[in-house]
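Hi,

Here is the structure I promised to pass on. My notes on it follow below.

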Amino acid sequence: MPLRRLTLTSALALMAVPAAAEMNFNRIASFPVAQNMGEGADTSRETSPEIIDVTADGMTLVYTDSPLGVLGRIDITDPANPKPLGNVSLGGEPTAVAVIESTAFVGINTSESYTAPSGGLHAFDVASGEELGACDLGGQPDSVAKAPDASFIAVAIENERNEDLNDGVIPQLPAGGVALIPLQDGALDCDGMIKADITGLAEIAPGDPEPEFVDINANGETVVTLQENNHIVVLDRDGVVVSHFSAGAVDLDGIDATDERGALVFDESQQGRKREPDAVKWIDGDHFATANEGDYEGGSRGWTIFARDGSVVYDSGTSFEQAIVKIGHYPDKRSDAKGVEPESVTAATFGGTPMIFVGAERASVVGVYDATDPANPVLKQLLPSGVGPEGYVTIPERNLLVSANEADLVEDGGARAHVMIYEYAEAPAAYPHLTSEGMADLTGWGALSGLFAVSPGEIYAISDSFYGYQPRIFRIDATSTPARITAAIDITRAGMPAQKIDLEGITGDGAGGFWLASEGRTDRLIPHALLHVNAEGEIEEEVGLPEELMAVEKRFGFEGIAMVDGTLWMAVQREWRDDPAGHVKLVAYTPETGEWGAVRYPLDAPGAGWVGLSEITHHGDHLYIVERDNQHGAAAKTKKIYRVALTDMTPAALGGDLPVVAKEEVRDLLEDLTSTGGFVLDKVEGFGITPEGEGFVVTDNDGVDDHSGETMFFPIGKL
């Protein structure tokens, strides 16, 4: 089979950079923490960076890894090229870390049971891994914070509840508390430890406080969140209660509160929703911010700024979540729980601007706020993160922000856990690539699976069966930055959302309507089909597969559809039962005559997993085809665009010998897929070409289900 490589105009050359670019954060590196396992280690084990800090020189990141029971270290001397420094074994479960100079203070849980909690605060030399000291805490540590003047460490001793006992409702003794441990010349002074009693303060289970997170301000005051108790406490340096108050509740309107609906509908409300804050961070001596993740009764989907006396200075309400909805990161399967679930918050000053960073665990997004006015913080950016951001560290002296993303999906063949590094610099914001900002109604989107390009200002995309009760065509204007969704067209039968379809391809019918390819799943009673819809999305014709194809069909069906001179061409993703190994069908159907046929297409050999097709589109004298493997990150080898000459596309009758076409490589997309500093995403699902030859690519974010939610939508230049 002849194979020829073609060259396209660089997409970077097409991106206009403003003459005076403003300061923005952009991701510059992603470090898979499995690289910190020793040589010869079983890297298929789960590994999870959770809480993260940095040495005083800003050159070494230190993070806790609970599944492995280690402290991980990363060299960021060159932040764009982080390097592994290995793990330090701890002999227990690390829950938090704070670094002073080059000493890491680590909370380690050694509890044998929920009723007999135990743990300690241990000090380690970051460079050597040598243990320098330890204090027995007499309970299970959760969060650790360092005083700005390095005079003491605060530890939240949670003594967490058993979630399987009484549905997790507290009280469940023993009660938690806060330990304040002095430092003498940088060493732990266990004899000087103060145990602050915070029982009897909260309205909810006052006898069983469960501290979740601590932070210390420049005055030596420690703020403590009691998440399950929905309460906040401020302690002085001696552990005396300065103030305490309920975290309160909010009324939420315009949210999606229904799970397993397969549709993004933001017309519901939750009244009196408890904040139940997780992380907390002082933003100055009088104010602190909380991430209101929620526990078993609450979660306000946002974040709050409190004054130290408990008065609410600012609450984001639903604005943070709605901003996330617009960039396609909304986790629909979490709708009946806590939505985007803000879990982490930190703050620092960059370039003279006080900033607050809010991490949405389920949406895998970092919100960047200008907090110049604490009563009116302004959302400046939404940054893509790895799956399940848990902890952050800011390094303003180096203009760096770092996120630790705890979810490792190795057992399911998904993305590995990563630490991600962002740089604050004079440059345009690289993310998001696509937004529904500006639409009259709040419009969520995701799981994009096919493209059809009329012009840069008129590109059509479809969503797949993840949103099975809301199949849609989205109209995209790619002339703006980021590209904007300007319309959402519902696919309907008799005026109702069409069911039992899995849209994977779209092309125009030449008369203002569309032909759609629906990938079948016979075991789920979803038929393989072609759908002809009008401009309003109503299905006017449905075409099933002929007997010759149905006799050999398998799950992985049509992925993409293109129209060439009245004939529709569909790419079959993987081999069906009659295909030789390494070959798939390109199927032809002529609507006017009802005639079917096919050719065979040769696949690249997989490096791991499988290789298949995910798109087909027409331009000039060729059909262009996306060929990809199902691998993420460094394991990804095949993310390519090929083309086949139309002179090769002479379909033979089904059921007999099919001709094998020759393919030419047009573009290897691996470099494009790492252009924003992230790991390679697995699903390149859509490719469209305008009549003038401009190509556009989109990835599928799986509806933010076991996925970072990141969608890449980008031009690749003129063919």
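A word on naming to begin with: helices (H or I, at least four residues) and strands (E, at least two) are DSSP runs, numbered from the N terminus. Please keep in mind that this is a predicted model, where local features need pLDDT of at least 70 and side-chain atom pairs count only at pLDDT 80 or more, while totals for chains, interfaces and linings use all residues. Residues are numbered from 1 along each chain as its sequence is written, and side-chain values use heavy atoms, with hydrogens and water left out.

Let's start with two loop residues. Q172 sits in the loop between β11 (152-157) and β12 (177-184). Is Q172 buried or exposed? Its relative accessibility is 9%, so Q172 counts as buried (buried means under 20% relative accessible area, exposed over 50%, partly exposed in between, with a 1.4 Å probe and protein chains only). Setting aside neighbours within four places in sequence, Q172 is in contact with R161, N162, L165, D208 and E210 (contact means heavy atoms within 4.5 Å). The Q172 side chain also reaches the backbone oxygen of V169 at 3.3 Å.

S44 lies in the loop between β1 (23-32) and β2 (49-54). With a relative accessible area of 44%, S44 is partly exposed. Its side chain makes a polar contact of 2.5 Å with that of D42. By polar contact I mean a pair of N or O atoms within 3.5 Å; within protein, one must be able to donate a hydrogen and the other to accept it, and residues adjacent in sequence count only if both atoms are side-chain atoms. V410 is 366 residues away along the chain, yet the C-alpha atoms of S44 and V410 are separated by 6.7 Å.

Now the strands, where two of them pair if DSSP finds at least two bridges between them. An open antiparallel sheet of 4 strands runs in the order β25-β26-β27-β28. Its edge strands, β25 (342-350) and β28 (378-384), each pair on one side only. Inside the sheet, 6 bridges join β26 (residues 353-360) to β27 (residues 365-370), and F357 has V368 in β27 as its bridge partner. Helix α2 (residues 319-326) packs on this sheet and touches β25, β26, β27 and β28.

Last, the hairpin: β29 and β30 have 4 residues between them, and N399 in the turn has a positive phi of about 60°. The two strands run antiparallel, joined by 6 bridges, and G391 is partnered with A404 in β30. Strand β29 (residues 389-395) is largely enclosed by the rest of the structure, because 7 of its 7 residues are buried.

Cheers

Note on methods:
Axes are lines fitted to C-alpha atoms, for helices over the stretch in contact, and angles run from 0 to 180 degrees between N-to-C directions.
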